[in-house]
Structures are given as structure tokens and as C-alpha cells.
Amino acid sequence: MSARENILNAIATNQPSLVPLPVIERNAVIDYEDRYAQFKTVLESIGGKVKLIQNLTELKKQFIADKASGNFVINAVADLGELDNQVASMQASDMEKVEKTYIKATLGVAENGAVWVYESQMQNRLLPFICQHLIIVIDKKDIVATMHQAYESIDVAKEGFGAFIAGPSKTADIEQSLVIGAHGARSATVYVVE
Amino acid sequence: MKTTHSKLAEKFIADEPRTDWHDETLWFVREKRDKAAHGLPEWEQLREWASQIKNHTLSNLSDYLKEFEEKAKANGIIVHWAENGAEHNKIIHGIIQRHKIQKIVKSKSMLTEECHLNEYLQQYNIEVVDTDLGERIVQFRKEPPSHIVLPAIHLKKEDVSATFHEHLGTEKGNNDPQYLTEAARQHLRDKFVQSELAITGVNFAVAETGGFVVCTNEGNADMGAHTAAIHIACMGFEKIIPKAEHLGVFLRLLARSATGQPITTYSSHFQKPRPGQEMHIVIVDNGRSKQLSREDFRNSLKCIRCAACFNTCPVYRRSGGHSYHTAVAGPIGSILNPNLDMKANADLPFASTLCGSCTNVCPVKINIHEQLWKWRQVIAAEGYTDATKKIGMNAMAFLFSKPSLYRFAGKWGRWMMRIFPFVTNNKLNIWYKQREMPESPKESFRDWYLKNGKINRN
Ligand code: SF4
């Protein structure tokens, strides 16, 4: 018999008799009067930055300036300007030089400051992790209260990869002192569009 | 019984300031957990849901695993099954050999620690670079992690500085965590960029979708998995949950319980390999199905490895993770390890005060302290307790069954301790070791109660 059968048989013999799944009551969980305010407070407490903007005009200006600065900037937000599609087939050794990345996220979560990003919004799975600085754009109406609502709105099986990202990469492995910028992005700024 | 835990703990607490520091550091993490938990009015409800979801999952485990396998395969993931650690290691070695791979990075996975993967591969001159900062630190020092979430929590920044000076050429005596982390970032970025194969753990695997979730704060799992041509994810079979919507419950609990963060920085959902990539999942038993058969202990398989029970445990905080001499230390490790090897780990269920603090913080409501108490009975029945403990226990059983003799002995003992303190404050009394004996009261609680208890009640 294969390991698979041995394991599955052992489990089937040893597992207790069936008990039902609980019902997750949506109205038993917290909601926030001002979800944006909550999102901002939490994200800033974990090292992220949040900026509320009326429309993309301002951000476009910043983006153009970033591009012109000569730094390696990758754009994955269609509304900002031309997409840098070439990143899809780039190798890690080249992407390591990416200074800044602009991506669009599907939603933000008020309770923990995370945003959900699908693979298609990243252009390349590695991009949001390997870049030095991460700029994320979300719409204010897409901030949901908790993870329960977040999972209702997204479909984790729709694409090959997706992630909740909450602020910049960090570690507290040396005597519990918080250091921002362990392996991933050194900064994460979320622009929330009204 | 081997008294390994107390022997190793003795070494740890010999350095008193360091013991205090360790204790305080972990208590600080425990307090952060409390603050995060109190921030959600539905916290207890979440724990209840998590516990019930896990109960249900265990009761339908074989079907969920089959469903997961089928979906994962349909997603293009290659699924392997390993009955024990040796098989797990062999499967991984096989993949490495087939592709003639040299450069391997690994993100924190307690399962690979449990299976001793690094040591196994070393025999074949294959080196795996641990990429979690804490793991890298202990790897340089040739030590195992001392905590499942904070692997280097037993080290001070001076220790890290000396280690990095030796291995990474950092400035001698520079203890700045920012500087040291930056050095590790540069060193590990090189490893990531060159890596051909990445090994990660699995925090949750979803039966409904055939995908899995990996949580890190540093982003090391992602840096490895998205760079390498091959990604191997290793999971104990208890990591399975029924549906994606249940991730909502567990991701809300995990980081809050672990470090007090609202969520880990990265919660990455792997569904399919990227084009051109090979993705493997190794599903491991290694004693888990046996634990499932032990009615009193099967609850331990609900564990999501948050380490809240470590951070709150008065014994763990004062004895250090290495005193548990196993990959998973702390209260939950003391339940899981006797299942793997009762003889070698018979000491662990005794490394607890049974105060119940672990049970109170556990996000999936495992009755940790009750299980520890039950293990003690099993271990005693199987004859794995040591002679001195047995004699003591028998004497106590005799005494406790004879109330008047017990009272007489108590009176005599208190008198002795007052008049001749050296009778107890000496090396022969193991209770005196590394602790002060309390001052002996004049009267027993019973006498005090007979005098005062009734009066106060009226
Ligand atoms: S037993 Fe509970 S508290 Fe301990 S690590 Fe597991 S889930 Fe966390």
C-alpha cells in the first residue's frame, strides 16, 4: 500500500464521528462607523502610510516625476499611465533593482490595514515583494470592515496567486526591536481615492 | 523518566538576569496579544468558531484531504504523501536530485524542523539557507530555534552582533538591530536571487480550492517561492480547513494571538504554480494519525502554531525553549512530543504548573493543561516516571489518604522549618534548588479556617 493509502486509512479509522460546521454569523462581528479612519489608524500603527486623495491627478504627477528621476519604476496601474508589461517575464536579478512599484489593490480591510492584491494586479508575483518601495492604490468604497467581508468579495481560487499585504516588510527577531524592511518592501504607502 | 527538561532548564536559569529578561520579553509579547484580543468584541466568539471549525475538520479529515488533493492536482500542483519524517526528507531530496539543484532557500517551517530536513540534506552536502531572520541567526550558530514564532528570542542583540560579525563580517560590537537587519537583508537577497528551489511551510490548506496560505512578516516565503523554479510546500495534514471563507476566522486569530499584530504583513494565497514553475506539496503524517486515535489528545491537532501558549507559560518563560529538547517547545510541544516518542519526551508534560494560562489564551480552545495532566497519568501508568518522583508520589498518596496523619505531619513540618530551617534549605531538597523556601506559617490553613472562616461567613 502506498503512503497515501496508509495515511488516509489511518485517518479514516481514527477520526471522531462527524460534528457539524458552525455558522459564521456576519452580524456578530465588528463594524466601524468610519472604515477609512480605522484602516488608516491600523495601517499606520504597523508601519504603513495612508494618503487620502480626491482623484488620481496628484498621484499621476508624482508618478511622472518618479519615472523622470531615472529610478527603476514599474507601473501596474492602468489609470496612472502606460503599464510596464515587460515585468511579467523579468528575472529576479533584474527585478532586484526595482526602486518603486505602483499597483492597484482590489480592497482594503479596516480591521487590520491589509489590502488584497490579485496576481493580475501585480504583473509579476515577485514584484510587490522585491521592490524597495511599494505604492498601492485603492478606492475608498472598497474598504470593508473585516476579513469575513473581504473573503466574501474576493475569489481566492480565481487566479494562481494573491495576497493580503499589510504595510512594509518587517521583523522583530533581534531582541524584539521592530525593524522595517527585512526582505520585502521598505515602505508601503496606500493611496485611498475618494 | 529522563529529567532532561529540568537539567537543561537548570543551565538556562543559572544566568539570572538573562532568565528575567527572557521572562519579561515574552510577557511583553503576551500583553500585546491581550491588547489585540480586547480590540475585538467578538474575540471569544472567534475562538469558539475556530474551535468548532477545527473539530468539524478533524471529524471529516480523510475526505477533506482527498478533496484538497484532487483540487490541488487540478491546479497543476504535484502532491506527495509522507508517513514519517524520513519519507518527507526522501521526497524532497528526490526532487533536488532530479533537477541537480545547488541553491536552496527555506522559509520558516516547523515541520521541516520536526523532520530534521537540514541535517538529512547535509549528509549529501546539500545546504539549505534558512531565510527568516531569526532562523538564519540560529542557523549560523548551529542551534535549533527556541520558539516556533520567535526562533531567536533567547538571544540578545550582542549575541546576534557577534554571530553576524563572524559570518557576515559586520562591524564588531555594533549591536544596532537596524544595522544588523540591513546586513542580513543584503546577504539574504543574494541567496533569494540565486535560489533554484524554495521550501516553505503551510499555515492553512483549503480543501475547497486546493490552494494554501503562507503567513510571514518579512516576505521571505514570497521572495523564495516567486523566484525559484521549484517551490515545495510542506504541511502536516492537520493544516487543512474546509473552505476559503474559514480563512477569515483563522487569519483574524493567528497574528493577534502570536505577536499582537492585527495580521501578518504578508498572507500569501498560493493556488497554482506560475507559468514554467513546478509546485509540490508534501502532506506529512509523522505520528499525527496516531494522535488522532488518542481521544484525550486529538484536540492538540487543532493547533495553528501561534505560540500564545508559549508566551504565557510561566515555565517556558523561565526555562527557555531549548530546555524542551524538541522542535516544538512550550505547552503544546509537551503534548505533541510524547506522542512521537513517549520515552524520550516523558519529562515534558511535567514541565508545567498546570495553571491553565495556556488554555485561556489558545485561539482554537485546546484544553492544553488538561492534556498535560492526562499525559502525566499515561506516562506514570506506562512506567516512564523516574524513581524519586514515584517514591514521593506514593508517600504523598499515603499521607493524603490519612487526614489526621497529614495534619500531624504538617504541624511537625512547620515547626521543624521554623526552628531548624536548614532541614529544608539544603541541597538534598530539590524544591530548594534555585529558589528560596517560603517562611513557614505558625498555623495551617485548616486551623486558620476553623478559627476565622466561619466567623467571616456570618
Ligand atoms: S496550542 Fe493553541 S496557543 Fe498553543 S500554539 Fe497551538 S494554537 Fe497557539
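User: Among contacts in chain A between residues at least 6 apart in sequence, what share joins residues at least 24 apart?
Analyst: The model is predicted: local features need pLDDT of at least 70, side-chain atom pairs count only at pLDDT 80 or more, totals for chains, interfaces and linings use all residues, and side-chain values use heavy atoms without hydrogens or water. Residues are numbered from 1 along each chain as its sequence is written, while chains are lettered from A and ligands numbered from 1 in the order in which they are written. Contact means heavy atoms within 4.5 Å. In chain A, the share joining residues at least 24 apart is 73%.

User: What is the strand order of the five-stranded open sheet in chain A?
Analyst: Helices (H or I, at least four residues) and strands (E, at least two) are DSSP runs, numbered from the N terminus. Chain A has seven helices and eleven strands. Two strands pair if DSSP finds at least two bridges between them. In this sheet the pairing is parallel, and the order is β1-β11-β6-β3-β2.

User: Which strands stand at the edges of that sheet?
Analyst: An edge strand here has a single partner, so one side is left without a neighbour in the sheet. That applies to β1 (49–53) and β2 (73–75) of chain A.

User: Which residue in β6(A) is the bridge partner of A:I103?
Analyst: Strands β3 (residues 100–104) and β6 (residues 133–139) of chain A pair in the parallel sense over five bridges. In β6(A), the partner of A:I103 is A:I136.

User: What angle does the direction of helix α3 of chain A make with that of β3(A)?
Analyst: Helix α3 (residues 57–68) of chain A packs on the sheet and touches β1, β2, β3, β6 and β11. Axes are lines fitted to C-alpha atoms, for helices over the stretch in contact, and angles run from 0 to 180 degrees between N-to-C directions. With β3(A), this helix makes about 150 degrees.

User: How are α3(B) and α12(B) oriented to each other?
Analyst: Helices α3 (residues 43–59) and α12 (residues 245–258) of chain B pack at about 120 degrees, with axes 10 Å apart. Angles under 35 degrees count as roughly parallel, over 145 as roughly antiparallel, 65 to 115 as roughly perpendicular and the rest as oblique. The pair is therefore oblique.

User: Which residues of α12(B) meet α3(B)?
Analyst: From α3(B), the contributors are B:W43, B:L46, B:R47, B:W49, B:A50, B:I53 and B:K54. Facing them in α12(B) are B:H246, B:V249, B:F250, B:R252, B:L253, B:R256 and B:S257.

User: Is B:E69 buried or exposed?
Analyst: B:E69 is found in helix α4 (residues 61–74) of chain B. Leaving aside neighbours within four places in sequence, B:E69 is in contact with A:R4, B:V79 and B:W81. At a relative accessible area of 5%, B:E69 is buried.

User: What distance separates the C-alpha atoms of B:A351 and B:S319?
Analyst: B:A351 is found in the loop between α16 (330–340) and α17 (357–361) of chain B. B:A351 is buried, with a relative accessible area of 8%. Leaving aside neighbours within four places in sequence, B:A351 is in contact with B:H5, B:V315 and B:Y324. B:S319 is 32 residues apart along the chain, and the C-alpha separation is 9.2 Å.

Note on methods: Buried means under 20% relative accessible area, exposed over 50%, partly exposed in between (1.4 Å probe, protein chains only).
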